[in-house]
Amino acid sequence: MRLRSDSEPTMTAARYEPRDGLAPRVAFVVYNDVHRDARVMRIAKASADAGARVRVFAFGGARVSRYPTGVTGHEDGFEIERVPIRSIGHMLVDAGRVARRVLRRSAPIGDASEPSGAFASVSPVPVSPVSAPEGAAAALPATPRGIKGWTVKQWLRADRTVRQFSFWHSAGRAVRAWKPDLVHVHDANTLPIATRAARSLRIPFVYDSHELWTHRNVSADRPLAKRLEGPMERRGARRAAGVITVSPSIAEWLQQRYSLRERPILVRNIPPLGDRKIERSGGRLHELAGLAHDVRVIVYCGGITFNRGIERVIEAIPCLPDDVHFVLLGEGSEVYVAGLRSLVDRAGGHGRVHFVGAVAQSEVSQALADADVSIALTQPTVLSYEYSLPNKLFESIHAGIPILVSNTRDAAALVNEYDLGGVIAPDASPEVLAAALLDVATSADRHRAAALDAARDLTWQQESARLVALHRRVLSADTRNGRTS
């Protein structure tokens, strides 16, 4: 059975209707600096291509991002406005600067542009998974114990809270100043910006749920957040003029849990269908890893982090023939990658596991094309992972390579529907995993043909058509100022 929405549009998306002769303004809000957020970038481009004036609101500044604050144009036809956010460390450093001026102390204490030492700004770090797979512990960053560990945890928790409220304030003010006709917010941690903008500007908003927010992979030791997140998402989702999400199971869960009037629209993270056919000979993995062309490659692409099955493949490498190598295309924290390298040495995979970094988002599928098997072994430690449809699954389909996935609900259904490869239990032993990888590779020709057929059916052009159709419907129903668009 095909995984299709209730109403599948044609390949060509409709364009936005002008409002008072002008292109409608659509604001997108995301709680990151957006530079590697492929979904947000694709959605912004789709809206711009369909005739909207688009601005993405994200955070920036030297303390939290590689990008400065302010408005910049993007080559895909939209603007990005990055706003500053504050943290406890920044507030303390700034307070110290004020105190020094008041006390007429001229001696500088460190670099005022960047907090240091105990009050250093820290980017969000991965927390321990709810149930990490065996072997994963070595790849996770060490956490201090005792009073020191408790103090660090409370500091980071308070710092994340300050950052979040700071972003709500800064981004919310920027959105309202731009005066959009529609606000589209990504994930539940931006919903307060949408609800306030909708109330003050009398405009509609759309909620885009990238994952099952209240069941995502974060620490269970968050008593206040757990009490607040559910009601916040429920209120926002029910007030939204439209809800979209990334998998059929998440759409079903959101509608049932929050008693939504209609099922959320499915907009999956699928690459666009390009004009140029992807050829196996154009793949780059062997080149990037420095491997001979006759070497067989298992590939993982995406963020290098826990609960993605990476550790399991590393442990399975000694059970595979010597000509099989594992290549990781993506980025991860230095601490986590160092832990994985240590695991490689202990497992006996030295020289057969290769970390080759990332390539541009538009080049991922072509870069993957010379792989023999792609893995999407998401570990269903939380409900959001059980219901996920990973980006890497669709990137691999468009690359025309066989795929081995965990037996999670929607990913397994997609692989079985199109005969894309194999499905395996998330807790399979290294020996069983190795056998499954070889079995998929043995049937590679059949699965490659199936993937190329599926790529013509599963395209961003189809997904973005539903997005623009929803925006058009929401805008046409907006009767602010006594008119309809």
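Is Lys 179 buried or exposed? I looked it up before anything else. Lys 179 counts as exposed, because its relative accessibility is 55%. I note here that the model is predicted.

**Entry: backbone at Lys 179 and Asp 419**

I placed Lys 179 in the loop between helix H3 (146-178) and E5. Its phi is near 60 degrees, a positive value in a residue other than glycine. I then turned to Asp 419. Asp 419 also has a positive phi, about 55 degrees, although it is not a glycine. I found Asp 419 in the loop between helix H13 (409-418) and strand E14 (421-424). Its relative accessibility is 29%, so Asp 419 counts as partly exposed.

**Entry: the sheet**

In what order do the strands of the open sheet run? I traced eight strands, in the order E3-E4-E2-E1-E5-E6-E7-E8. The pairing is mixed. At the edges I found strand E3 (70-73) and strand E8 (265-266). Each has a single partner strand, so one side of each is left without a neighbour in the sheet.

I went on to the pair E1 and E5. Strand E1 covers residues 25-29 and strand E5 covers residues 182-186. The two run parallel, and four bridges join them. Phe 28 stands opposite His 184 in E5.

Helix H4 (residues 191-201) packs on the sheet. I listed its contacts as E1, E5 and strand E6 (205-209). The direction of H4 makes about 170 degrees with that of E6.

I checked helix H16 (residues 460-476) as well. H16 lies across E1, E5, E6, strand E7 (242-245) and E8. It runs at about 135 degrees to E5.

**Entry: helix H1**

I compared the span of H1 with expectation. At 1.5 Å a residue, the twelve residues of H1 should span 16 Å. The end C-alpha atoms are 16 Å apart, which agrees.

How many of the twelve residues of H1 are buried? I counted ten, so H1 is mostly covered. Among the buried residues are Arg 39, Met 41, Arg 42 and Ile 43. Ala 38, Val 40 and Ser 47 are also on that list. Just after H1, Gly 51 takes a positive phi of about 105 degrees.

An α-helix has 3.6 residues a turn, so residues three or four places apart point the same way. Lys 45 counts as partly exposed, at 31% relative accessibility. Asp 49 counts as partly exposed too, at 43%.

**Entry: other salt bridges**

I searched the whole structure and got 20 salt bridges.

One is the pair Arg 466 and Glu 463. The closest N and O atoms of this salt bridge are 2.4 Å apart. The two residues are three apart in helix H16, so about one helical turn separates them. Arg 466 is buried, and so is Glu 463. I also noted a network: salt bridges that share partners join Arg 55, Glu 79 and Glu 81.

The other is the pair Glu 262 and Arg 473. What does this pair tie together? Their side chains meet in a salt bridge at 3.0 Å, N to O. Glu 262 lies in the loop between helix H6 (248-258) and E8, and Arg 473 lies in helix H16. The pair therefore ties together parts that are 211 residues apart in sequence. Glu 262 is partly exposed, with a relative accessible area of 38%. Arg 473 is partly exposed, with a relative accessible area of 38%.

**Entry: cysteines**

How many disulfides does the structure hold? I took sulfur atoms within 2.5 Å as the cut-off. The count comes to zero disulfides. I looked up two cysteines for accessibility. Cys 301 has 4% relative accessibility, so it counts as buried. Cys 319 has a relative accessible area of 34% and is partly exposed.

Notes
Residues numbered from 1 in each chain as written. Predicted model: local features only at pLDDT ≥ 70, side-chain atom pairs only at ≥ 80, totals over all residues. Heavy atoms only, no water. Pairing = 2+ DSSP bridges. Contact = heavy atoms within 4.5 Å. Axes fitted to C-alpha atoms, helices over the stretch in contact; angles between N-to-C directions. Buried < 20%, exposed > 50% of the residue type's maximum accessible area, 1.4 Å probe, protein only. Salt bridge = Lys/Arg side-chain N within 4 Å of Asp/Glu carboxyl O. Expected span 1.5 Å × (residues − 1).
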